[in-house]
Amino acid sequence: MNPSAEPAPSDSYDVVVVGAGGAGMSAALAAAHHGLSTVLVEKSEYFGGSTARSGGGVWIPGNYALAEAGQVDPGDRERAGEYLDAIVGDIVPKLRRDTYLDRGPELMDFLREHTPVRFTWVPEYADYLPELPGGRPRGRSVEPVPMDARFLGDELERLHPPYTKAPANLIVTQADFRRISLGMRTLRGPLTMVKVLLKRFYALATGKRMVAMGNAIAVGLRKGLVDAGVPVEYGAALVDLLVEDGRVAGIVVEQGGARREIRAHRAVILGSGGFEHNQELREKFLPHPTSAEWSTGARSNTGAGLLAGTAVGAATDLLDDAWWGPTIPLPGRAWFCLAERNLPGSLMVNSAGRRFMNEALPYVEATHAIYEGESTGVAHVPSYLVFDQTYRNRYLFAGVPGRQPLPGRWYKEGVVVRADTLTGLAERLRLPEGALEAEVERFNGFARTGVDEDFHRGESAYDKYYSDPTVKPNPSLAPLRVGPFYAVTIVPGDLGTKGGLVTDERARVLREDGSAIPGLYAAGNVSSAVMGHTYPGPGGTIGPALVFGYLAALDAAASAQPAREAS
C-alpha cells in the first residue's frame, strides 16, 4: 500500500496513539493488528522520534536474533532476571521488570511478522554492568539489519533527521563503528571502512535508499503502519486529555493553528517522549547545571505527555534522572561521547585538574559520577577529556578521522583547547598549578603497569569493548606523552529523560494510590523507566519502549473484547 492511500483523518477511533517514535509506532501497529481502529498523531513533521536518532540497539534477552546467533543458553531468562534485580532493585516493581523479560521476545516475533525490520546480534557488546549477578560479558544487544527503504516512497522524506549528517547510503552499524573508531590500529578498521564505502557506491549505482541503526527500526515500523492502514497525522501537538465519567476518552490537539478533539473509544496511548527539550522542566526536575542544548533527543520532546498525564491525576517517578551520557557541546549540536572515553591515551579531569571516575564507565553511570561531584563542592561541570597527539593520530574522534585536524570552529568556540605542553594546557583551562601534570604522571604509571589503582579502568568487559586490543597490558590505558595536548569540554548530556508517568506491567497509567486511570496508557520516555536509575546494556531505552507500547495495545484490545461481544 502506498502511504497516500491511508484512510482520510477521522475524529473518532478505538485507539488514539500520541507520538510517532518507537513506543508509539509499536503501540499503533499492535492495536491495528488486534482489530482496533487506530490513529497515530505526531507533534513534529517527522516519524521516528529519538528512536530514529539512536544507534538502534535493542536489549531484549532471549529474542529470536540472539537465538539465531546461538546466544540464548538454558537458564538465560533466569540470569537476565537476576541481572535486573541486581542493577534496578525495588525502585521498579519486580512484576513490571519480569513482564518485560517474559514478553519481550514475543514483541520481537510480532515485529518480524508484521514489519520488514530484522535484527541481528551485536557481537561481544557487553551488558553495561556485566560483572554483576546475571550480567553477560558477551552481551544481549541486537541491532537492525540495514534495509533498502524505497518501499516508503515519498513518506521516507518524513524520516526524522539523523543524529549526525552522513553521505547518502553511508551505512555504519554498531558493530562497524567499533572497528572504525580504532582507525588504522587493526586491519579490521580499514577493511570495514572499505566495505562500508563499497556498499555505499553499490547502493548509489542501483538507486537504493539504505538505512541502518535507529533509522531502520523507524522505517520498518512505519512500513508496518502503512500496510496495516494506520493513518499518521503530522503537526498535531497534544494539548490536553479528554476525560468523561472518570475515563480518558480522547485528546485535544493543536494542528494547523486550530484545536480539535480526537475521540478514543477504548484507549489513549502516550508515546510522546520525554521532556529533554523543555528547559523549564529540566530546571525544575533534573540536577543542575542542565541544558536542553546538551541533549541528543528529538527536539519535539518537550514533555506534553507528562503534563497532560499529571493534569488528570497520574503519578510520576524518576523525574530527576535521564538516559545520561558525557557529551561534547559542539557548535550547533551535542556529540554523545561514547568510544572516545574508552580509548587508551585519554583521561578526564574536573575543575581541580583531578580524575574523579573510571572514564570508561557506561554512560549513565559516568554522568551520575559527574553530577555527584557537584555536591562535593568540586565542579565536575564542565569536565575535560584530555589526550595527546598520539591519541589524536590513532583514533576517530567525534566523527573526525585520526590525523585529520579538528575543526577550527571547535577551537574558536572554546570547546577544544590545545597547547604544546601539559602546563600550557592547564594554564589555558585555569586549573590549579601543577594538578594536571601530577594527575597525568600518576595515570601514565597506571598505563605502564596496566592497573588503574584509583578507578579500575579497563577491568570490566564493558570497558574493553571500545578499547584498543593492540595496547598492552591494558587495552583501555595508554600514557599521554606526545604534544601537543588537547582538552575537550565534557558536559552531562542525555539521550532523553527517563522520568515520567508511573505505569504498571500492562502499561496502564497509575494514580498516586496505585489505581489505574481508565483508558490511559504510556510507553517510552513519557513513562518512568522500567530500568530505574540505571541502564542494562545497549538498547535499554528502545527495548522497553517497543515492548510496553505493544503491551499497552494488547491490554486495550483485551479490555475492548467484552464490549465488542456484547454488541
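**Entry 1: ground rules**

I count a residue as buried under 20% relative accessible area, exposed over 50%, and partly exposed in between (1.4 Å probe, protein chains only). The model I am reading is predicted, so I take local features only at pLDDT of at least 70 and side-chain atom pairs only at pLDDT 80 or more, while totals for chains, interfaces and linings use all residues. Residues are numbered from 1 along each chain as its sequence is written, and side-chain values use heavy atoms, with hydrogens and water left out.

I looked up Arg209 first. Its relative accessible area is 37%, so I log Arg209 as partly exposed. Arg209 sits in the loop between α7 (188–206) and β7 (210–211). Helices (H or I, at least four residues) and strands (E, at least two) are DSSP runs, numbered from the N terminus. From Arg209 to Leu170 I read 9.9 Å, C-alpha to C-alpha, across 39 residues of sequence.

Arg200 is in helix α7. Its relative accessibility is 19%, so Arg200 counts as buried. I also checked Arg200 against Met531: they are 331 residues apart in sequence and 37 Å apart in space, C-alpha to C-alpha.

**Entry 2: Gln174**

Is Gln174 buried or exposed? At 10% relative accessibility, I put Gln174 down as buried. Gln174 belongs to helix α6 (residues 174–180). I then listed its contacts (heavy atoms within 4.5 Å).

**Entry 3: aromatic rings**

A pair of aromatic rings is described by the distance of the centres and the angle of the planes. Rings of Phe, Tyr and Trp (its six-membered ring) pair if their centres lie within 6.5 Å; planes under 30 degrees apart are stacked, over 60 edge-to-face, and the rest tilted. How many aromatic pairs does the structure hold? I get 21.

One of them is Phe110 with Tyr550, a tilted pair at 5.2 Å centre to centre with 45° between the planes. This pair links distant parts of the chain: Phe110 is in helix α5 (residues 94–114) and Tyr550 in helix α18 (residues 542–566), 440 residues apart. Phe110 and Tyr550 are both buried.

I also noted Phe387 with Phe397, tilted, 5.0 Å centre to centre, with 45° between the planes. Phe387 is in strand β16 (residues 383–388) and Phe397 in the loop between α13 (389–394) and α14 (408–412), so this pair ties together parts 10 residues apart in sequence. Phe387 and Phe397 are buried too.

**Entry 4: charges over rings**

My test is NZ of Lys or CZ of Arg within 6 Å of the ring centre and within 35 degrees of the ring normal. The charged end of Lys498 sits over the ring of Trp323, 4.1 Å from its centre. Arg96 lies over the face of Phe548, 5.3 Å from the ring centre.

**Entry 5: α1 against α5**

Two packed helices are described by the angle between their axes and the distance between the axes. I use axes fitted as lines to C-alpha atoms, for helices over the stretch in contact, with angles from 0 to 180 degrees between N-to-C directions. Helix α1 (residues 22–33) packs on α5 at about 75°, with the axes 12 Å apart. I therefore call α1 and α5 roughly perpendicular to each other. The scale is: under 35 degrees roughly parallel, over 145 roughly antiparallel, 65 to 115 roughly perpendicular, the rest oblique.

From α1 come Ser26, Leu29, Ala30 and His33; from α5 come Leu107, Phe110, Leu111 and His114. I sorted the residues of this contact into five nonpolar, three polar and no charged. Ala, Val, Leu, Ile, Met, Phe, Trp, Tyr, Cys and Pro count as nonpolar, Asp, Glu, Lys and Arg as charged, and the others, Gly among them, as polar.

I found a cis peptide bond between Val381 and Pro382, with omega about 0°. Pro382 is in the loop between α12 (363–374) and β16. A cis bond also joins Gly483 and Pro484, omega about 0°.

Leu318 is not a glycine, yet its phi is positive, about 60°. At 5% relative accessibility, Leu318 counts as buried. Ala507 also has a positive phi, about 70°, without being a glycine. Its relative accessibility is 0%, so I log Ala507 as buried.
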